[in-house]
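Subject: Structure handover

Hello,

Here is the structure for you to take over. My notes follow below.

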Amino acid sequence: INAEYMGAKKYMDDVKRKKRCVPYTRYFGGVGRTGQAKEWGYSLGRWPRKSINVVGNLLRNAAANAQLKGLNLKNLKITHLMANRAQKQRRRSYRAHGRINPYMSCPTHLEMILQEKKKPVKPPGDHKVRKSAVSSFFLGRECQFGDAECTGCEHVLQVSATPSSSLLLISSVLMQSSMSQYKNCLLY
């Protein structure tokens, strides 16, 4: 999703005022066409006021929780939004001749996660990589092709500054090929 909180709030206000629409991509039998749906690359759209109010209340509640935790609302992003079917609630509809029909409601479980945007981390000034257990194994070994500065080749391992990510990167590389291929490669 990765929508910003402020942008989502503005979008819902625009839908309430019918300046922008919600595109219908599934279950769109009987849904009319509107030119506002071109923004999303579709032709069918509506302005579902009741649904927008429910999602807006959930978004407002999540923002209040974020403020309580000391997060900045301008840096919030919606990273996860999921809707699932909830259990139907039963009522009765009394019909003619003593019959009874079910009168069910179809509620929904909504799940929303907001996170603060991560600031980009700049590499240190001298661009040196910290040693880890894995990088010390590869450090100082020359490339098997004889080139001491073989940047950009497939056989060179690029390791980032954090040891945990370097372990993750090297383990994913080694799963694809054997360990013996990378014994002589130079690490940058």
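By class, the lining of the largest pocket has 21 nonpolar, four polar and three charged residues. Please keep in mind that this is a predicted model.

**The pocket**

The volume of the largest pocket is about 1,200 Å³. Its lining is made up of 28 residues. Nearest the pocket centre lie Val22, Pro48, Ser51, Val55 and Leu81. Which element gives the largest share of the lining? That is α2, with six residues. Elements that each supply at least two lining residues are β1 (3-4), α1 (5-16), β2 (22-23), α2 (49-68), β4 (76-85) and β7 (108-116).

**The core**

The largest nonpolar core holds 15 residues. Those that touch the most other members are Tyr5, Leu59, Leu73, Leu76, Ile78, Met112 and Leu114. At least two residues of this core come from each of α1, α2, β4 and β7. In soluble globular proteins, nonpolar side chains tend to be buried together.

What does Leu59 touch, leaving out residues up to four places away in sequence? The list is Tyr5, Ala8, Lys9, Met12, Ile78, Met112 and Leu114.

**The aromatic pair**

The count comes to one aromatic pair. Tyr11 and Trp40 form it, with edge-to-face geometry. Tyr11 sits in helix α1 and Trp40 in the loop between β2 and β3, so the pair ties together parts that are 29 residues apart in sequence. Are the two partners buried or exposed? Tyr11 is buried, because its relative accessible area of 17% is under the 20% cut-off. Trp40 is partly exposed, because its 38% falls between the 20% and 50% limits.

**The loop between β2 and β3**

Two further residues from this loop are worth a look. Thr34 is found in the loop between β2 and β3 (45-46). Thr34 counts as buried, because its relative accessibility is 17%. Setting aside neighbours within four places in sequence, Thr34 is in contact with Cys21, Ser43, Gly45 and Trp47.

Tyr27 also has its place in the loop between β2 and β3. Tyr27 is exposed, with a relative accessible area of 71%. What is phi for Tyr27? The angle is near 55°, a positive value in a residue other than glycine. Most residues other than glycine have a negative phi.

**His97**

His97 is another non-glycine residue with a positive phi, near 60°. His97 lies in the loop between β5 and β6 (100-102). Its relative accessible area is 78%, so His97 is exposed.

**Arg90**

Where is Arg90 found? The loop between β4 and β5 (92-94) holds this residue. Arg90 is exposed, because its relative accessible area of 65% is over the 50% cut-off. Leaving out residues up to four places away in sequence, Arg90 touches Pro102, Tyr103 and Met104. Arg90 and Tyr103 are 13 residues apart in sequence. In space they are 6.2 Å apart, C-alpha to C-alpha.

Over to you.

Best wishes

Notes: Residues are numbered from 1 along each chain as its sequence is written. This is a predicted model: local features need pLDDT of at least 70, side-chain atom pairs count only at pLDDT 80 or more; totals for chains, interfaces and linings use all residues. Side-chain values use heavy atoms; hydrogens and water are left out. On a 1 Å grid over the protein atoms alone, a cavity is a set of points where a 1.4 Å probe fits but cannot get out, and a pocket is an open set with protein on both sides within 12 Å along at least five of seven lines; lining residues have an atom within 4 Å of a point. Grid points are joined across faces, edges and corners, and a volume is the space filled by probe spheres set on the points. Helices (H or I, at least four residues) and strands (E, at least two) are DSSP runs, numbered from the N terminus. Ala, Val, Leu, Ile, Met, Phe, Trp, Tyr, Cys and Pro count as nonpolar, Asp, Glu, Lys and Arg as charged, and the others, Gly among them, as polar. A nonpolar core is a set of buried Ala, Val, Leu, Ile, Met, Phe, Trp, Tyr and Cys residues joined through side-chain atoms within 4.5 Å. Buried means under 20% relative accessible area, exposed over 50%, partly exposed in between (1.4 Å probe, protein chains only). Contact means heavy atoms within 4.5 Å. Rings of Phe, Tyr and Trp (its six-membered ring) pair if their centres lie within 6.5 Å; planes under 30 degrees apart count as stacked, over 60 as edge-to-face and the rest as tilted.
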